[in-house]
Amino acid sequence: MRAPDEIIHQPIRLRIMAALTAPGCDTQGLEFARLKKLTGATDGNLGAHIDHLTRAGYVEATKAFVARRPRTTVKATASGRAAFDRHVAFLKEIIADAD
Amino acid sequence: MALSREQAGEELAAIDDVVRRVKQSRIYRVSGEIAMMWGVMQFVQYGVFALAQSRFGWSWLVVDAIGIVLTALLLRRAGMGAAAGPGRALAAFALFYGFGFVWSGLIGHYGPHEMSVFWHTLFLFGYCVAGLWFGVGFFAIGLTLTALILAVYIFAGAAFYPLIALVTGCGYILCGYWMRRA
């Protein structure tokens with residue numbers, strides 16, 4: 001039997017990956033502040049989960065200075081998008097099997 | 001690790017919720033930029049009016065045409081291109097202008113103040129309707145600016161043009177800024 005992706009399965013990380021793979025964000029990525037609003041996580045919590053996803057190779061974070069203020073942009077990698085697609089397929093399979 | 005049907009359903013619902021919020025956030029962002037641009041256009045339009053009243057009748061057409069082109073460019077830049085963006089936006093503009101011309105040019109006999117209020121409130125009515133699909137922010141902007149414009153129309157008297165420029169210009173810019181950050 002297939003298993004869920006243990007990295008993505010965690011609720012905040014699931015929301016992060018869902019946001020980063022949503023249409024329009026899949027190529028441009030999202031700013032940290034916007035991701036925080038979308039996931040409802042705190043700064044520290046979100047940062048820790050992004051680190052976790054970065055270590056897994058699912059996302060990449062780039063830091064830049066815009067108008068002298070630091071701005072972090074997070075983007076899903078190709079392997080992150082593939083892993084998320086597999087996880088969604090797995091979830092849909094469970095629903096389909098139960099029907 | 002096994003997941004129950006309920007857990008899988010909850011995860012899929014969470015994903016749908018995030019995707020919906022991302023979509024709304026993108027719509028708010030580009031709409032905010034468009035509103036801010038139209039705010040600047042209001043100042044340009046009424047600035048031209050103040051400088052050359054006799055040519056005002058044509059100047060607003062030019063300013064509106066520039067605004068429509070910029071709107072299409074902003075939509076395109078936001079990636080709301082081919083499928084749902086400029087084509088539909090231009091069709092919406094054409095419908096509003098068509099409706100507006102029929103009423104203001106053929107049926108209604110509006111004075112300059114009424115004409116100005118009519119066109120502003122017509123497009124703000126569009127904001128209110130858009131709010132039914134794209135979020136309460138559009139509705140709030142449409143209703144607030146319409147109320148302010150009507151207040152200017154009723155109470156401003158001789159100060160109508162400077163006040164309508166201030167209310168629409170600043171109104172669109174502030175509302176657009178708020179939408180961009182929402």
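In what order do the three strands of the open sheet in chain A stand? The order is β1-β3-β2, and the pairing is antiparallel. Strands pair here if DSSP finds at least two bridges between them. Helices (H or I, at least four residues) and strands (E, at least two) are DSSP runs, numbered from the N terminus.

This is a predicted model, in which local features need pLDDT of at least 70, side-chain atom pairs count only at pLDDT 80 or more, and totals for chains, interfaces and linings use all residues. Residues are numbered from 1 along each chain as its sequence is written, while chains are lettered from A and ligands numbered from 1 in the order in which they are written.

Two bridges join β1(A) to β3 (residues 69-76) of chain A. Glu31(A) has Thr73(A) in β3(A) as its bridge partner. Eight bridges join β2(A) to β3(A), and these strands also run antiparallel. The hairpin of β2(A) and β3(A) has two residues between the strands, and Ala67(A) takes a positive phi near 50 degrees.

A helix crosses this sheet. Helix α2 (residues 11-20) of chain A lies across β1, β2 and β3 of chain A and runs at about 85 degrees to β3(A). Axes are lines fitted to C-alpha atoms, for helices over the stretch in contact, and angles run from 0 to 180 degrees between N-to-C directions.

Now turn to chain B. 17 of its residues are in contact with 17 residues of chain A (C-beta atoms, placed from the backbone, within 7 Å).

Helix α6 of chain B covers residues 160-181. Its 22 residues reach 31 Å from first C-alpha to last, close to the 32 Å expected (1.5 Å times one less than the number of residues). Among its buried residues are Ile164(B), Tyr172(B) and Met179(B). Buried means 20 or more other C-beta atoms within 10 Å of a residue's own, exposed 12 or fewer, and partly exposed in between. The buried residues of α6(B) fall within an arc of 160 degrees seen down the axis, so they line one face of the helix. They pack against α1 (5-51), α4 (112-134) and α5 (136-155) of chain B.

Cys170(B) also sits in α6 of chain B. It counts as partly exposed because it has 14 C-beta neighbours inside 10 Å. Cys170(B) and Met36(B) are 134 residues apart in sequence, yet 8.6 Å apart in space, C-alpha to C-alpha.

Conventions: Contact = placed C-beta atoms within 7 Å. Arc of directions from axis to C-beta.
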